[in-house]
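This report looks at one predicted model. It moves from a single side chain to the sheet and then to the helices around the sheet.

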Amino acid sequence: MPYCNKKIISFLLTSRCNMACKYCYGARKSDYNVLDLDFAKCGVDEYVATGIVNGIRFFGNGEPTTEPQLIKYICEYARKYRKDINCEIQTNGFFNQKLAEWLAYNMDEIWISMDLLPETHDMFRVTKTGKPTSAIIERNLKFFQSLKDKRAMVGVRSTITQYNIDRQIEGIKYLNNLGIKYVWVDPIFAPVSEAEDKVFEQINNMHFARKFIEARQFAKGLGVFYESNFTTNFDGPTCYYCRSCLPMPHLTMDGYVSACEMCMSGSNPEGLDAFIYGKYDRKNNRIIYDKKKIEVLQSRTLSNMPDCQDCIAKEHCAGFCLGETLNERGDLFKIKEVVCEPLRYIYAKIGNDYKQFGGDFKYKHP
């Protein structure tokens, strides 16, 4: 089933973070902000209670686990409507074991950011004082695995940089030894900014593609699910790249509804205004939508992507990531050309092999 079938409401909880990752695309120079609880409840009422979504998700400009009480309340509130609602969090994993235990028994999916190996992780993912963080995250990954009756699946989401691109097999070995069986990897991309010079250490995507194929084959031998945002839709044909085209809501801290987690603010969208399609009306406790913007997002289909028509992988890509495309090309309907050749290469190499895990990806891209 395509990625857009992951129909969830995302809560972008807070600007607070206990780390200072050097490549963080959501980094902002702003005061502390947190998602309004009434707005969050309004979102649950509209999307969970009515069955529009099949899950809730915690993400954020900052680190969601720095607001544990808000996470707990929203989970409890959503489960009043649906006891079986899927609860997911994407986190930096830098928290104490008391919180780790609560997450393990109350979340359905925990995706921890760990850049494959401790030494490559610590090059970018550090504390605010510049100290390494991998030891705490490794401790928590081991702790999660020690809880045999936990509710949550614990997986890893890794950013691929020039420092770990050739070490993917080593990273798989390391994570497998920690009991991690689900890994999603994404090549680093340009930070979100209106600045003309989006400076970052770009990698060679074709080189990534070749190394990814080798690593994926190795992972398969260990029974480890190893995929990428390049292969997000390889488990089924689609006319949409992801849920942003539907669109599915991401509730922002400043009271807006965004179609994409890369656009975390409606009052300061930094060139990604096309994703802001709703605003919370506090007085009347309702969300007001911009129908024209919704129509534009919904029209971002494979048939409306002229540059994709002759691609062999078009039905398993559908124009690639909307957020990265809009951020780097300034247009929802253009393509991110640097990913086209490597994606076609990966598709040609593995073809229908994605059925190894039963057809559909059991756990969609976080």
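Q168 lies in helix α6 (residues 168–177). Helices here are DSSP runs of H or I with at least four residues, strands are E runs with at least two, and both are numbered from the N terminus. Q168 counts as buried because its relative accessibility is 1%. Buried means under 20% relative accessible area, exposed over 50%, and partly exposed in between, with a 1.4 Å probe and protein chains only.

The side chain of Q168 makes a polar contact of 2.7 Å with that of Y226. A polar contact is a pair of N or O atoms within 3.5 Å; within protein, one must be able to donate a hydrogen and the other to accept it, and residues adjacent in sequence count only if both atoms are side-chain atoms. Beyond its neighbours within four places in sequence, Q168 touches L116, I160, F208, K211, F212, A215 and Y226. Contact means heavy atoms within 4.5 Å.

## Basis of the model

This is a predicted model: local features need pLDDT of at least 70, side-chain atom pairs count only at pLDDT 80 or more, and totals for chains, interfaces and linings use all residues. Residues are numbered from 1 along each chain as its sequence is written, and side-chain values use heavy atoms, with hydrogens and water left out.

## The sheet and its edges

The sheet is open and has 11 strands. Their order is β7-β6-β5-β4-β3-β2-β1-β8-β9-β10-β11, with mixed pairing. β7 and β11 (286–289) stand at the edges with a single partner strand each, so one side of each has no neighbour in the sheet. Two strands pair if DSSP finds at least two bridges between them.

Helix α7 (residues 205–222) packs on this sheet and touches β5 (153–160), β6 and β7. The direction of α7 makes about 165° with that of β7. Axes are lines fitted to C-alpha atoms, for helices over the stretch in contact; angles run from 0 to 180 degrees between N-to-C directions.

Strand β7 (residues 225–228) is covered on both faces. F225 and E227 are buried on one side, Y226 and S228 on the other. Strand β6 (residues 182–187) runs parallel to β7, joined by 4 bridges. Y182 stands opposite F225 in β7.

## The β9–β10 pair

Strands β9 (residues 256–258) and β10 (residues 276–281) run antiparallel, with 3 bridges between them. S258 has I276 in β10 as its bridge partner. Helix α8 (residues 291–298) packs on the sheet, touching β10 and β11. The direction of α8 makes about 145° with that of β10.
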